[in-house]
Amino acid sequence: MKASLFICLLLTFGAFAKGENTPELIETLKYIAENEIETSVPLTQFYWNLASAYDLGDGVLEDKKEAYKWYRKLAESGDVRVQYVLGGGYLFGYGLIEDKVQAYAWFNISAANGYETSKEYKTLAAKGMTMEQVAEAQKISREMIKANPKLIGD
C-alpha cells in the first residue's frame with residue numbers, strides 16, 4: 001500500500017506542479033485529505049488545493065459547496081485568510097447560505113488573529129444586524145474557539 005501511495009503521490013504532485021488538475025488527481029488529493037494520510041506535505045496544502053479546484057472548476061466540476069467544505073477545514077486549522085473567506089462566503093451568500101451571524105463570527109475570529117481586512121468586514125456585517133445578532137455571533141465565536149483552540153494562532 002505504501003509503495004502504491006508513494007507512486008500516486010509522485011504522479012499527483014507532478015501533475016499539480018504543471019497545473020494539470022484532472023479528476024484522478026483531485027480524487028487522490030481528496031483521498032489523502034479525507035483520510036488524513038501523513039505525507040511530507042502538510043494536510044492544509046491538500047485542503048487548499050481541493051478548495052481551489054472545486055471553487056474554480058479546475059479538473060472537476062465547479063462545486064461551491066464542496067469548495068467551502070475544504071475552505072472550512074483550512075479555516076479550522078487556523079488559516080486567518082480563509083477564516084476571512086468563510087466570513088465573506090456567509091456575508092454575501094457566495095458558496096454558502098447567506099448568514100450574517102456566521103459571517104460576523106468568522107470575521108471576528110480572523111480579526112482576533114490580526115487580519116485587518118476582517119475588522120472592516122466585521123463592521124460591515126454588523127451594520128445589518130441587531131444587537132442580539134451581534135451578541136449571538138460573538139458567543140458563537142467564543143464557543144468555536146473553545147471547541148477548537150487552533151482557530152486562534154500563536
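Here is a quick tour of the structure above, from its overall fold down to a couple of single residues. This is a predicted model, in which local features need pLDDT of at least 70, side-chain atom pairs count only at pLDDT 80 or more, and totals for chains, interfaces and linings use all residues. Residues are numbered from 1 along each chain as its sequence is written, and side-chain values use heavy atoms, with hydrogens and water left out.

**The big picture**

- The protein chain has 8 helices and 0 strands; here helices (H or I, at least four residues) and strands (E, at least two) are DSSP runs, numbered from the N terminus.
- Going along the sequence, you get the pattern α-α-α-α-α-α-α-α.
- Of the chain's 154 residues, 41% count as buried, where buried means under 20% relative accessible area, exposed over 50%, and partly exposed in between (1.4 Å probe, protein chains only).
- Take the contacts (heavy atoms within 4.5 Å) between residues at least 6 apart in sequence: 51% of them join residues at least 24 apart.

**The nonpolar core**

- A nonpolar core is a set of buried Ala, Val, Leu, Ile, Met, Phe, Trp, Tyr and Cys residues joined through side-chain atoms within 4.5 Å.
- The largest one here has 38 residues, and those with the most contacts inside it are Ile26, Leu50, Tyr54, Trp70, Trp106 and Met129.
- At least two residues of this core come from each of α2, α3, α4 (64-76), α5 (80-92), α6 (100-112) and α8 (131-147).
- Helix α6 supplies the largest share of this core, 7 residues.

**Where α2 meets α3**

- Helix α2 (residues 23-35) and helix α3 (residues 43-56) pack at about 140°, and their axes are 9 Å apart.
- That angle makes α2 oblique to α3: under 35 degrees counts as roughly parallel, over 145 as roughly antiparallel, 65 to 115 as roughly perpendicular and the rest as oblique.
- For these numbers, axes are lines fitted to C-alpha atoms, for helices over the stretch in contact, and angles run from 0 to 180 degrees between N-to-C directions.
- The two helices, α2 and α3, have a left-handed crossing, meaning the near helix is turned anticlockwise from the far one by less than a right angle (clockwise would be right-handed).
- On the α2 side, the residues in contact are Ile26, Glu27, Leu29, Lys30, Ile32 and Ala33, while α3 brings Leu43, Phe46, Tyr47, Asn49, Leu50, Ala53 and Tyr54.

**Where α3 meets α4**

- Helices α3 and α4 pack at about 155°, with axes 8 Å apart.
- The pair α3 and α4 is therefore roughly antiparallel.
- Their crossing, α3 past α4, is left-handed.
- Among the residues making this contact are Tyr47, Trp48, Leu50 and Tyr54 of α3, and Trp70, Tyr71 and Leu74 of α4.

**Two residues to look up**

- Glu36 sits in the loop between α2 and α3.
- Although Glu36 is not a glycine, its phi is positive, at about 50°.
- With 46% relative accessibility, Glu36 counts as partly exposed.
- Ala112 is in helix α6, and its 56% relative accessibility makes Ala112 count as exposed.
- The C-alpha atoms of Ala112 and Ile152 are separated by 7.3 Å, although the two residues are 40 residues apart along the chain.
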